[in-house]
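Here is a friendly walk through a two-part assembly, meant to be read with the viewer open. Where do the chains meet, and what stands out in the backbone?

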2 protein chains.
Amino acid sequence: MALAHKGLTQDDSTIEYVPCSFTEKDKIAFANYDRYPLLQDGETIVADSWAIAEYLEDAYPEAPSLFGGARGPTEFLNAWADSALHPTMIKPILGDVFEHILPKDRDFFRQSRTERFGRPFEELAAEWADDKDALVAELRRALNPVRTMLRSRDWICGPDGPAYGDYIVFGAFQWARSISPTALLDESDPVYAWRGRMGDLFDGYAETTTMYPL
Amino acid sequence: MALAHKGLTQDDSTIEYVPCSFTEKDKIAFANYDRYPLLQDGETIVADSWAIAEYLEDAYPEAPSLFGGARGPTEFLNAWADSALHPTMIKPILGDVFEHILPKDRDFFRQSRTERFGRPFEELAAEWADDKDALVAELRRALNPVRTMLRSRDWICGPDGPAYGDYIVFGAFQWARSISPTALLDESDPVYAWRGRMGDLFDGYAETTTMYPL
């Protein structure tokens, strides 16, 4: 979405997307890095979503700004997505992730998530699955700051159009929809309508990914 | 702090601050409004913190920007403070508020908070006081997005200096410190150091308020 915002997706022949599974570290070994996402632009290699956004903003200053002029507050929105949104969103659908990853990645996933959460993965996934309704409600509450924005305007980042803060929140929903049929939002929620608008951007760019129906 | 940021506090004789207690609605009756804060600037009356910030930004465009050019992402930060920070901060110190308000305001406070929280005020305040340590820990977790910013820079809103997002978060801490001696932050927390820097701004402007020592 950030590439599209910068007008870099209009000629698709200039971009190569490389899907990488959890354990396919060989695909990014050239970058001397072991986590996704990763961007290579000519000789430049940039890792981490936020660093990529900053790079795109600086390398393509003539294209529409991803930050609307103020990088700092958008970085806060990014930090909120990392530390408050993602950890809340994964709970009701943790088990679904396991069902959708490549079989060769399952041992890695089970072990790394057991370490991250400090509890046996299967035990935690089962507990959260049992508690799914409450955890979806918790996610909906966590979205209150976003919802407040969307009650009075179309985009999180401002009245005039979406920007990076919209993409980073939308990215979380795209991830969820890629691995789980769970309805995370109620249809009457302003966040639901915003998610639909995001899907329509750039000629439905986001809808070209394989996902569960809304 | 927003007034100081705009350079409007340099000549204090041009500003009159009017402290208002919960039930002193007569002080703002002229504005046909019943909640604080309220700003009167000449013939213009503006109510609500965010609306006041927007007014100051628009009315004093030559002064340093409160939003660094990007109102939308700062509005998200403001919405986060309203919906995630304030409700988490009040829990461990709810009983302290009651101890510090004017006796004539206590009935109003008890009744309005009982309505807001949907439970008898005394019951809730006692339960939260018993659970204070866990609730302080919950607040510290809720501050993660802010902490992420402050690990790598001095201000929430950017590397170059504070802006409205800093003031709105700082305001929550000033409120807490005005009514409770509870240590909400650990001294090793980057948020603690930031709060100290905020207190030093504008020649220690914020420290002129009567508060508990840090």
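## Where chain A meets chain B

In this predicted model, 22 residues of chain A are in contact with 22 residues of chain B (contact means heavy atoms within 4.5 Å). The two chains bury about 1700 Å² between them, 72% of it on carbon and sulfur atoms; buried area is the accessible area (1.4 Å probe) that two parts lose on being put together, summed over both. On the chain A side, the biggest losses of area to chain B fall on P73(A), F76(A) and P145(A), together 35% of what that side buries.

Two salt bridges cross the interface, a salt bridge being a side-chain nitrogen of Lys or Arg within 4 Å of a carboxyl oxygen of Asp or Glu. In a salt bridge between R153(B) and E75(A), N and O are 2.4 Å apart. Helix 3 (71–89) and helix 8 (144–152) of chain A each supply at least two residues of the side that touches chain B, and the largest share, nine residues, comes from helix 3 of chain A. Helices (H or I, at least four residues) and strands (E, at least two) are DSSP runs, numbered from the N terminus.

By type, the chain A side divides into 12 nonpolar, eight polar and two charged residues. Here Ala, Val, Leu, Ile, Met, Phe, Trp, Tyr, Cys and Pro count as nonpolar, Asp, Glu, Lys and Arg as charged, and the others, Gly among them, as polar.

## A helix pair in chain B

Helix 9 (residues 164–179) and helix 10 (residues 190–204) of chain B pack at an angle of about 100°, with axes 11 Å apart. That makes helix 9 of chain B roughly perpendicular to helix 10 of chain B (65 to 115 degrees). Among the residues that meet are F170(B) and F173(B) in helix 9 and W194(B) and M198(B) in helix 10. This contact divides into nine nonpolar, one polar and two charged residues.

## Backbone details

Most residues other than glycine have a negative phi, and most peptide bonds are trans. A cis peptide bond joins Y36(A) and P37(A), with omega about -5°, and P37(A) lies in the loop between helix 1 (2–5) and strand 1 (38–41) of chain A. In chain B, the bond from Y36(B) to P37(B) is cis, with omega near -5°.

D48(A) has a positive phi, near 90°, and sits in the loop between strand 2 (44–47) and helix 2 (49–59) of chain A.

## Conventions

Residues are numbered from 1 along each chain as its sequence is written, and chains are lettered from A in the order in which they are written. Local features need pLDDT of at least 70, side-chain atom pairs count only at pLDDT 80 or more, totals for chains, interfaces and linings use all residues, and side-chain values use heavy atoms, with hydrogens and water left out.

Terms used
Axes fitted to C-alpha atoms, helices over the stretch in contact; angles between N-to-C directions. Parallel < 35°, antiparallel > 145°, perpendicular 65-115°, else oblique.
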